[in-house]
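I opened this notebook to record what I looked up in one structure.

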Amino acid sequence: KKFFDELGIKESDRKDIITQILVRYEKGGKINAEDLESDLCVIYEYCSSLPFNQKENEFNRIKERFAVVYLIDDKTYYGPIKDVYDTNLYPEYFKNNTDIKTFNYDFYKEVFNKYGKDNVLNLLYQLGLNETPFVREERFNDIAKLSEKQTREVIDDNKRPHDYEIIDYRM
């Protein structure tokens with residue numbers, strides 16, 4: 001609120017500024033690094049100043065369009081926050097998974113310093129940053145997908161391959 005007050009911006013104008021920021025992300029155009037960082041500052045200030053009864057609607061509106069900077073194989077990109085994971089929570093789990101979009105902490109260092117890392121991360125989680133990966137259950141009974149040990153178990157149990165169901169979990 002203080003940030004907006006210093007700029008002389010009224011409450012109704014704040015919502016318009018957020019809308020303008022979100023429209024840029026929605027169009028998928030080029031956004032420079034300074035804008036990505038300053039947009040998060042503006043969104044943080046805006047969300048922090050919202051009355052409780054308006055937060056859910058505004059958070060949902062921002063969630064749909066807001067983008068953050070992420071890494072894939074040490075290359076920097078930006079995209080929808082809902083597709084990005086905070087891999088610092090479970091580093092070993094994400095260690096060898098190179099197709100996961102990992103939140104770029106280094107890029108937002110200044111924002112963390114200004115508002116506090118925990119405060120900013122809490123907001124980002126509310127806006128859709130993923131804390132844990134989505135894991136889907138996959139069931140199959142194709143003997144070709146079974147390991148040697150599993151194939152021996154099928155034979156030892158006198159089961160036909162189509163009677164044997166394997167449950168696997170994948171991201």
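The entries below follow the order in which I looked things up.

**Entry 1. Overall make-up**

I noted at the outset that this is a predicted model. I counted the secondary structure and found eight helices and five strands in the protein chain. Read along the sequence, the order is α-α-α-α-β-β-α-β-α-α-β-α-β. The chain has 171 residues, and buried residues make up 34% of them. I then looked up the accessible surface, which comes to about 11100 Å², with 46% of it belonging to carbon and sulfur atoms. For contacts between residues at least 6 apart in sequence, I found that 63% join residues at least 24 apart.

**Entry 2. Strand pairing**

Which strands does β1 pair with, and how do they run? I looked at β2 (residues 75-80) and found that six bridges join β1 to this strand, the two running antiparallel. β1 and β2 form a hairpin with two residues between them. In that turn, D73 has a positive phi of about 50 degrees.

I then turned to the other pairing. β1 and β3 are joined by two bridges and also run antiparallel. Here Y70 has F103 in β3 as its bridge partner.

**Entry 3. T102 and F103**

β3 spans residues 102-103, and T102 is found in this strand. Is T102 buried or exposed? I recorded 17% relative accessibility, so T102 counts as buried, the limit being under 20%. Leaving out residues up to four places away in sequence, T102 touches V69, Y70, L71, V84, Y85 and T87.

I listed F103 under the same exclusion of residues up to four places away. F103 touches V68, V69, Y70, V84, Y85, D86, Y108, F112, L121, L124 and L129.

**Entry 4. The nonpolar core**

How many residues does the largest nonpolar core have? I found 35 residues, and those with the most contacts inside the core are I62, F66, F103 and L124. The elements that give two or more residues to this core are α2, α3, α4, β1, α6 and α7. The largest share, eight residues, comes from α3.

I also looked up a spacing that involves F66. The C-alpha atoms of V23 and F66 are separated by 9.1 Å, although the two residues are 43 apart along the chain. V23 is found in helix α2. At 28% relative accessibility, V23 counts as partly exposed.

**Entry 5. Helix α7**

Which residues of α7 (residues 117-126) are buried? I noted V120, L121, L123 and L124. These cover an arc of only 160 degrees around the axis, which puts them on the same side of α7. I then checked what covers the buried residues of α7, and the elements include α3 (33-49), α4 (52-65), β1 (67-72), β3 and α6 (109-115). After α7 comes G128, whose phi is positive, near 120 degrees.

**Entry 6. Aromatic pairs**

A pair of aromatic rings is described by the distance of the centres and the angle of the planes. Y25 and Y78 form an edge-to-face pair, at 6.3 Å centre to centre and 70 degrees between the planes. This pair links distant parts of the chain, with Y25 in helix α2 (residues 11-27) and Y78 in strand β2, 53 residues apart. I looked up the accessibility of both partners. Y25 is buried, with a relative accessible area of 7%, whereas Y78 counts as partly exposed at 26%.

I went on to F107 and Y108. Their ring centres are 4.9 Å apart and their planes lie at 80 degrees, so this pair is edge-to-face. F107 is partly exposed, with a relative accessible area of 21%. Y108 counts as buried at 0% relative accessibility.

Which residues do ring pairs link into a cluster? I wrote down F103, Y105, F107, Y108 and F112.

Technical notes:
Residues numbered from 1 in each chain as written. Predicted model: local features only at pLDDT ≥ 70, side-chain atom pairs only at ≥ 80, totals over all residues. Heavy atoms only, no water. Helix = DSSP H or I, 4+ residues; strand = E, 2+ residues; numbered from the N terminus. Buried < 20%, exposed > 50% of the residue type's maximum accessible area, 1.4 Å probe, protein only. Contact = heavy atoms within 4.5 Å. Arc of directions from axis to C-beta. Pairing = 2+ DSSP bridges. Phe/Tyr/Trp six-rings, centres within 6.5 Å; stacked < 30°, edge-to-face > 60°. Areas by Shrake-Rupley, 256 points an atom, 1.4 Å probe, with all protein chains shown as cover. Core = buried A, V, L, I, M, F, W, Y, C linked by side-chain atoms within 4.5 Å.
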